[in-house]
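Trainee: Hello! Could you show me how to read some features of a protein model?
Mentor: Gladly; let's look together.

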Amino acid sequence: TNIVSAAVPSLPDKESFEKMGFTYLNNASQHPISFKSSAEAETYLAKRRLNPKAPKGLHDSNIPIENFAKMINADFDEVAYVQSTSAGEQMIVRGLGFPESGGHIITDEFHFHPSLIMYDWMAHNGMDVTRIEGRNNRIDLSDIKNALRPNTKLIALSLVAMETGFKHDLKAVCEIAHKNGTLVYADMVQAAGTVPIDVKDCGIDFAACSSYKWLMGDFGTGFIYASKQAQNHLARTNFGYFGLNTPSAGKAAEDAKENYGFPESASGLFAIGTRSFSGVAILKQSLTYILEMGVENIHAYSKNMTDHLKTELPKMGYNVITPNDSDGPMVVVSLAGADKILKPRMDAANIQIALYPDRFRISPSVFNDMADIDKLLGALKGAV
């Protein structure tokens with residue numbers, strides 16, 4: 001467990017982020033970049049300008065890969081940079097030979113919508129796809145278990161669902177999947193950096209996430225994870241400069257000599273062309289910040305606020321659809337016409353949350369505090 005030291009800012013940490021001029025509770029959409037992360041990006045840009053005072057050395061860095069691996073308890077050669085969560089998931093399904101290989105895939109209705117479209121496409125092109133429907137705003141583990149077949153090759157899900165806040169018991173899913181010889185992929189974009197994740201303990205095979213949400217990074221840079229064992233199930237579908245030139249230690253470097261020059265590692269499998277060096281620069285600082293703060297501490301701090309919302313909103317007549325035992329970083333409320341009903345109230349109170357035609361989502365972070373939550377509850381009072 002990471003414990004906050006005296007050198008690390010205490011929570012709430014308002015000093016590390018811009019004074020926004022409004023109350024921002026929409027971090028699940030995109031998280032603000034900190035002052036120190038912005039400074040790292042500026043250092044990179046100074047190098048690109050060829051500023052003679054800029055620090056020497058390469059633009060790129062493997063430090064964020066090392067730190068992300070620490071964050072989820074992975075090994076360095078199980079993690080690689082990727083453009084986005086969706087790019088990572090598509091690399092994995094291509095590497096598994098879908099849809100040409102045929103077989104059965106299980107997903108659920110709370111998975112990321114564009115991913116569901118991809119699996120619908122696969123269902124039209126040779127794969128047998130089961131989409132599990134939610135019950136009481138959750139995906140029941142027994143429904144996943146009952147959907148398994150001898151030829152089920154993959155279970156694909158979002159660890160925390162962006163539209164409902166439901167959080168899977170990833171370890172339980174992996175246990176029933178692996179007993180069946182089935183691999184598991186998790187979209188971790190609404191969890192990594194704010195929910196404790198231990199890939200070795202839960203047994204997940206594959207995962208991916210962008211960095212512009214809870215990793216406090218920018219668009220165009222994220223991570224893909226493939227366990228050493230799961231990498232053996234992947235055919236090579238990517239050939240790129242950064243796959244050849246990512247340092248690897250030990251066996252991976254030796255294997256590269258007989259593997260078209262590619263190390264047997266996540267970077268060897270997934271790294272393609274140039275990545276966002278400015279995004280990498282930002283992650284050098286943001287992931288260090290998250291590790292120093294401690295994901296467990298960030299999660300506990302956020303949970304105090306989301307638990308309070310789950311208690312108070314129903315008293316005000318709101319239908320909270322995020323299950324009480326789903327301790328992700330958000331609370332989602334079902335409300336017909338939420339965008340039209342609540343936008344004037346949010347504008348008047350100078351608050352930003354995620355508003356949709358049928359729901360709204362509240363997602364506090366490290367710079368928020370209970371005063372922000374109480375301000376929001378005041379603005380919501382009497383709307384239903």
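**Reading a loop and a strand**

Mentor: Asn136 sits in the loop between β4 (128-132) and α5 (141-147); helices (H or I, at least four residues) and strands (E, at least two) are DSSP runs, numbered from the N terminus. This is a predicted model, where local features need pLDDT of at least 70, side-chain atom pairs count only at pLDDT 80 or more, and totals for chains, interfaces and linings use all residues. Residues are numbered from 1 along each chain as its sequence is written, and side-chain values use heavy atoms, with hydrogens and water left out.

Trainee: What is the phi of Asn136?
Mentor: Phi of Asn136 is near 55 degrees, a positive value in a residue other than glycine. Asn137 lies in that loop between β4 and α5 too, and has a positive phi of about 65 degrees.

Trainee: Why does Asn136 count as exposed?
Mentor: Buried means under 20% relative accessible area, exposed over 50%, and partly exposed in between (1.4 Å probe, protein chains only). Asn136 counts as exposed because its relative accessibility is 72%, whereas Asn137, at 31%, counts as partly exposed.

Trainee: Are the residues of strand β2 (residues 79-82) buried or exposed?
Mentor: Val79 and Tyr81 on one side, and Ala80 and Val82 on the other, are all buried.

Trainee: Which strand does β2 pair with?
Mentor: Two strands pair if DSSP finds at least two bridges between them. β2 pairs with strand β8 (residues 222-226) in the antiparallel sense, over 4 bridges. Within this pairing, Val82 stands opposite Gly222 in β8.
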